[in-house]
Amino acid sequence: MIDWQSAKKFLSNPEGIGAKIVYLPETPSTQIPAKDAARRGAAHGTVFVTEHQTAGRGRRDRRWQSVPGRDLMFSVVLRPDIDMSRLPILNFALAVSVARFLEHFAGVRGVGLKWPNDVLVMEKKICGMICDVSACGKRLAFAVAGIGVNVNRTAGEMPRFEEGRREATSILIETGHKGKLPELLGALMSELDTAVSLVCREEGSALLLEEYKNRCVTLGRHVEIVTDDGNFSGTAVDITEQGAIRIDGPSGSRSFDAGDVVHAAL
Ligand code: BTN
């Protein structure tokens, strides 16, 4: 059995994110108990972690699949005191935290961010995240960030594109080392704590946006964006502080708040 509470030994701020860890051996999705708890007033930084999700949720109503006991799957209740307009920066803070954690703690090289918040290694996905929010007027009441990091899955356990190319990777595949899940959770919580605390400050938000853009492998690429209103192709040229991506296409320049980006082959 995994000792998830031992993750706390790896927290840089023992009273910050990860100070309370709720373990669920199996759950449809960690987002469900985390959101229930947030509605009942769960504290900032409360983490819900599992070894097995039976109906893991991905972005845009997709499924998030994993092999029980191999990966990190958790949701964290966040209560930064921010205006709803600063939500994109909170999302960027999550993505930046995972990138820092993968590089500095897990020893993964070549980590990049794909807009809006996929974490890739050489075009293969290693982490995905979703963020469900509740507002109180113009202010954020709470956010529940759900993060899935592929840790100990082997190449054979990874999903493939139709043409057989693998579409995802893991810490094990990238480094050759098996990761200890509680250690990794603690280290990631520490990075989240540092980055999320920056979101409440103007200059902190500017730094996060800058780091996000520096790490974003979508910028400068030819992309197709798939949205509910149709598709648009062009070169990704900028990301705004409102979280939108600007794409220059043959018919002009357009900004998109949401959508799925497909990178053209390198
Ligand atoms: C995506 O890239 O599509 C987002 C994937 C998010 C997966 C995580 S795993 C923990 C949390 N619980 C869920 O059901 N989803 C998120």
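Contact, as used in this note, means heavy atoms within 4.5 Å.

1. Basis. This is a predicted model, in which local features need pLDDT of at least 70 and side-chain atom pairs count only at pLDDT 80 or more, while totals for chains, interfaces and linings use all residues. Residues are numbered from 1 along each chain as its sequence is written, and side-chain values use heavy atoms, with hydrogens and water left out.

2. Glu 26. This residue is placed in the loop between S1 and H1; helices (H or I, at least four residues) and strands (E, at least two) are DSSP runs, numbered from the N terminus. Apart from neighbours within four places in sequence, Glu 26 makes contact with Thr 50, His 52 and Thr 54. Its C-alpha atom is separated by 15 Å from that of Gly 148, 122 residues apart along the chain.

3. Ligand site. The shell around the ligand holds 20 residues, and the closest are Ser 29, Gln 53, Arg 57, Arg 59 and Lys 125; a residue is near a molecule if one of its heavy atoms lies within 4 Å of it.
   - Thr 30: a polar side-chain atom lies 3.1 Å from a ligand nitrogen atom.
   - Gln 53: a polar side-chain atom lies 2.8 Å from a ligand nitrogen atom.
   - Arg 57: a backbone N or O atom lies 2.6 Å from a ligand oxygen atom.

4. Ligand burial. The ligand taken alone exposes 420 Å², of which the protein buries 99%; accessible areas come from the Shrake-Rupley method with a 1.4 Å probe, and for residues only the protein chains shown count as cover. Strands S3 (72–78), S6 (124–136) and S7 (139–149) are the elements that give two or more residues to the shell around the ligand. The largest share, 4 residues, comes from S6.

5. Gln 53. Gln 53 counts as buried because its relative accessibility is 15%; buried means under 20% relative accessible area, exposed over 50%, and partly exposed in between (1.4 Å probe, protein chains only). A polar atom of its side chain lies 2.9 Å from the backbone nitrogen of Thr 30. Not counting residues up to four places away in sequence, Gln 53 touches Thr 27, Pro 28, Ser 29, Thr 30, Trp 64 and Met 73.

6. Helix H1. Within H1 (residues 31–39), Gln 31, Pro 33, Ala 34, Lys 35, Ala 37 and Ala 38 are buried. Their cover includes strands S1 (20–24), S2 (46–50), S3, S6 and S7. Gly 41 follows H1 and has a positive phi, near 105°.

7. Backbone geometry to check. Most residues other than glycine have a negative phi, and most peptide bonds are trans. Asp 61 has a positive phi near 60°; this residue is in the loop between S2 and S3 and is exposed, with a relative accessible area of 76%. Glu 123 also has a positive phi, about 70°; it is found in the loop between S5 and S6 and counts as partly exposed at 33% relative accessibility. The peptide bond joining Trp 115 and Pro 116 is cis, with omega about 0°, and Pro 116 is in the loop between S4 and strand S5 (118–121).

Note on methods:
Polar contact = N/O pair within 3.5 Å; in protein donor to acceptor, adjacent residues only side chain to side chain.
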